[in-house]
Amino acid sequence: MPNVKLKFSDREFYLGSGIVTIGRGPDNSISFEKDDNVSRYHAEIEKKGEEYCIVDLNSSNGTTVNGQPLAGEHYLSDGDVILLGGSAELVFDAGSSSQGSDPPVSSTPAPPVEPSGALEDRSSSEITPVEPAAPGGSGPMMAVAAGAFGLAVLVGVGAGVYYFSSPSSCGATASIISPVPGELIEKPTEVRLDVADEGCLDRVLIMVDDIEVASADIDPYSVTLDPAEFADLADGRDHPLSLVLVDREGNRLAQGDSVPVAFETRAVARKRTERESGGDEEDVETGPVRPAKPTGPTMIEVNEMAKGVLRQFPDGERFVVSNRQFLQEIQRMIPQYAEEGYFERASNYRDAINVAFVREQNLDAPLGYMLAMSRSKFDPAAKGQELGLWRMTEAFATEHKYTGQCGTRTIGDSDQICAASAAAIYLKALVLGVFDGDAIYGAVAFGKTPDQAIAWKETLPKNRADLWNSISTPAEREQLVRLFAAGIVAENPQRFNLNRDKPLSELYRLTL
């Protein structure tokens, strides 16, 4: 069922494999915040096999499908009309007539954004206001990077992403022997596989909810899942257990149907009591106790939000971000960025960033913002010798001639015009001159000299689609984690109770 979506009001929301929550609360996947007839957590839609199933979450005013009250689970069909609380209507579109490639997992049009006015030119002459780039980036980025880098640049980025799309000649296949569909995993459980023609394989990935939770690279390709490691999945629902094969060239081959399993992590609580005869103590079982639901984002949510970060870049969805360790590191880093006020601070530098990164260097619109968020949270105050939103030193920027367009300005100036120009020129040299148009790796290498960036690139595999497994060095992994943690918070402030803030994309998206 490709291109499956929900239509409501003037918006569309594409459904993926995760659970979609609908309600009045702002932390739902789809929120009707101003509709008092809708409960805070009203209903959920979940993919089961190849179909989508809706269930009412004991809402106050109920749910109907095609006018019939919803009781229990209902498998949705194309054109079904869902009514929440008698007022909020959604239409299920199975997408059977859609053409072309699959769209993003979710899509919500951005609110209109008005231009913020003209920016003083670096030569003190007047220029027209920059028109922010549309979502998804600024195109092929064909201009040659400025500065003293002096490297030849490929025209366009088509050659830059060849390593993502190479077809695999590997004919290996695999299926899950155990656990069986519907099995409850309440103790360490072996996942046993049947693998055929494995000579071309590098490893087999075991996925839960499309998140890589384990891997096996030696026959008989079995791993053990311990439910204690998956507390956020102990929700009484089935979760798809599936396989992905990785061949020796790094290509990923998804395998067949998933196996639904449920996780149980409840522990038996005990209390100490005195024996009636003599006062000795004894253990008494008091029944199972389920751990408290985590207040931060679950790994599934982090996975979906990380994919949302990638969707802002051309070909970003070709990257793999579903590694469990990577997602856990992002989870741990998120609190450092979930602080109110970043949007207001970023707004002060909107024109400087849009002019330098988008108009002058033709870089993807989100890049300058995400990098500044990850490095300074839009606080330009000096940190030692590092200055400005992008934490560069004056000596580094001057030595490599990245300040060529600054005139008398410096990267420490309060308006950040020179800092934005220098950072954009430098980043373009990395993205185009070193990484063949690859914005994510260019951002991760930010801070290296050009020669250091080239040397680091030589340590990476040819197929760099799997970000976490391609990058093995601690410093670069930390920069990668910071980039995603910052990007996730910056685009989902309400999920982190940052009620004063808005998604950063409002600062660079075109008025719709």
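Helix axes are taken here as lines fitted to C-alpha atoms over the stretch in contact, and the angles between them run from 0 to 180 degrees between N-to-C directions. The structure is a predicted model, and every value reported below was computed from its atoms.

In these terms, helix α3, which spans residues 324-333, packs against helix α12, residues 474-491, at an angle of about 65°, and the two axes lie 9 Å apart. The crossing of α3 over α12 is right-handed. On the α3 side the contact is made by Gln325, Phe326, Glu329, Ile330 and Met333, whereas α12 contributes Arg477, Glu478, Leu480, Val481, Arg482, Phe484, Ala485 and Ile488. The C-alpha atom of arginine 332 is separated by 9.6 Å from that of glycine 296, a residue 36 positions away along the chain.

Strands of a sheet pair through backbone hydrogen bonds, in either a parallel or an antiparallel arrangement. In the present model, an open sheet of 3 strands is found in the order β12-β14-β17, and its pairing is antiparallel.

The model contains 2 disulfides, and when the bonded cysteines of the chain are numbered in sequence order, their pairing reads 1-2, 3-4. One of these disulfides is formed by cysteine 170 and cysteine 200, whose sulfur atoms are 1.9 Å apart. The torsion about this S-S bond is about 60°, and the disulfide of cysteine 170 and cysteine 200 is therefore right-handed. Distant parts of the chain are linked by this pair, since cysteine 170 lies in the loop between α1 (162-165) and β12, while cysteine 200 lies in the loop between β14 and β15 (201-208), at a separation of 30 residues. The two partners fall into separate accessibility classes: cysteine 170, at 13% relative accessibility, counts as buried because this value is under 20%, whereas cysteine 200, with a relative accessible area of 23%, is partly exposed.

The other disulfide joins cysteine 406 to cysteine 418, with an S to S distance of 2.1 Å. Here the torsion about the S-S bond is about 90°, so the disulfide of cysteine 406 and cysteine 418 is right-handed. This pair, too, links distant parts of the chain, with cysteine 406 placed in the loop between α7 (394-399) and α8 (417-434) and cysteine 418 in helix α8, 12 residues apart. Both cysteine 406 and cysteine 418 are buried. A further cysteine, at position 53, has a relative accessibility of 3% and likewise counts as buried.

Methods
Residues are numbered from 1 along each chain as its sequence is written. This is a predicted model: local features need pLDDT of at least 70, side-chain atom pairs count only at pLDDT 80 or more; totals for chains, interfaces and linings use all residues. Side-chain values use heavy atoms; hydrogens and water are left out. Two strands pair if DSSP finds at least two bridges between them. Helices (H or I, at least four residues) and strands (E, at least two) are DSSP runs, numbered from the N terminus. A crossing is left-handed if the near helix is turned anticlockwise from the far one by less than a right angle, and right-handed if clockwise. Contact means heavy atoms within 4.5 Å. A disulfide is a pair of cysteine sulfur atoms within 2.5 Å. Buried means under 20% relative accessible area, exposed over 50%, partly exposed in between (1.4 Å probe, protein chains only).
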